[in-house]
Amino acid sequence: MAETALAELPDPFGAPAAQILLRVEDWPPQHILDEMQIDDPVELTGLYDGVPLPFKSVSDPAPFPDTVWLFRQPILHEWKTRGDVDLQDLVTHVVVHEIAHHFGWSDGDIAAIDPWWE
């Protein structure tokens with residue numbers, strides 16, 4: 001589902017996003033929850049880990065690929081709890097949200113155009 005969402009990104013986003021590593025885990029690792037000060041792991045459905053494109057420099061080393069993490073159990077929990085959204089739509093939403101961070105968008109920027117939570 002995540003690969004489908006990534007593959008369906010329109011131009012000009014598809015090519016730069018294709019370089020991102022998708023990583024799917026059942027739960028967020030504890031060190032990520034601790035770093036983000038999140039007590040309940042169901043609160044974290046996805047995470048962008050990398051240097052956003054506007055801040056990249058060819059002179060900076062790339063120690064690891066930009067990664068979008070998707071957390072299966074929190075996504076399934078949200079899907080079951082909401083009960084009003086298709087699972088593919090939810091996965092696509094999480095992928096697009098995290099990809100937006102790759103392009104330098106903040107959570108506030110994303111929320112301004114994506115009223116998903118309303």
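This report covers the sheet, the helices packed on it, the nonpolar cores and one histidine of a predicted model.

## The sheet

The sheet is open and has three strands. Their order is β1-β3-β2, and the pairing is mixed. Strands of a sheet pair through backbone hydrogen bonds, in either a parallel or an antiparallel sense. At the edges lie β1 (21-25) and β2 (46-49), each of which pairs on one side only. From one strand to the next, the twist averages 20 degrees.

Strand β3 spans residues 67-71. Four bridges join β3 to β2, and this pair is antiparallel. In one of these strands, β3, Thr 67 is the bridge partner of Asp 49.

## Helices on the sheet

Helix α4 (residues 72-82) packs on the sheet. Helix α4 touches β1 and β3. Its direction makes about 55 degrees with that of β3.

Helix α5 covers residues 87-102. This helix lies across β2 and β3. Relative to β2, α5 runs at about 20 degrees.

## Nonpolar cores

In soluble globular proteins, nonpolar side chains tend to be buried together. Here the largest nonpolar core has 18 residues. Seven names stand out for touching the most other members: Ala 17, Val 68, Leu 70, Ile 75, Val 91, Val 95 and Ile 99. At least two residues of this core come from each of α1 (2-7), β3 and α5. Helix α5 gives the largest share, six residues.

Take Val 91. Leaving out residues up to four places away in sequence, Val 91 touches Met 1, Ala 2 and Ile 75. Another core, of seven residues, lies apart from the largest one. Its members include Ile 32, Ile 38, Leu 47 and Trp 69.

## His 101

His 101 sits in helix α5. Is this residue buried or exposed? His 101 counts as buried because its relative accessible area is 15%, and the cut-off for buried is under 20%.

What does the side chain of His 101 contact? It makes a polar contact with the side chain of Asp 107, at 3.0 Å. Asp 107 is also one of the residues that His 101 touches when those up to four places away in sequence are not counted.

Definitions and conventions: Residues numbered from 1 in each chain as written. Predicted model: local features only at pLDDT ≥ 70, side-chain atom pairs only at ≥ 80, totals over all residues. Heavy atoms only, no water. Pairing = 2+ DSSP bridges. Axes fitted to C-alpha atoms, helices over the stretch in contact; angles between N-to-C directions. Contact = heavy atoms within 4.5 Å. Core = buried A, V, L, I, M, F, W, Y, C linked by side-chain atoms within 4.5 Å. Buried < 20%, exposed > 50% of the residue type's maximum accessible area, 1.4 Å probe, protein only. Polar contact = N/O pair within 3.5 Å; in protein donor to acceptor, adjacent residues only side chain to side chain.
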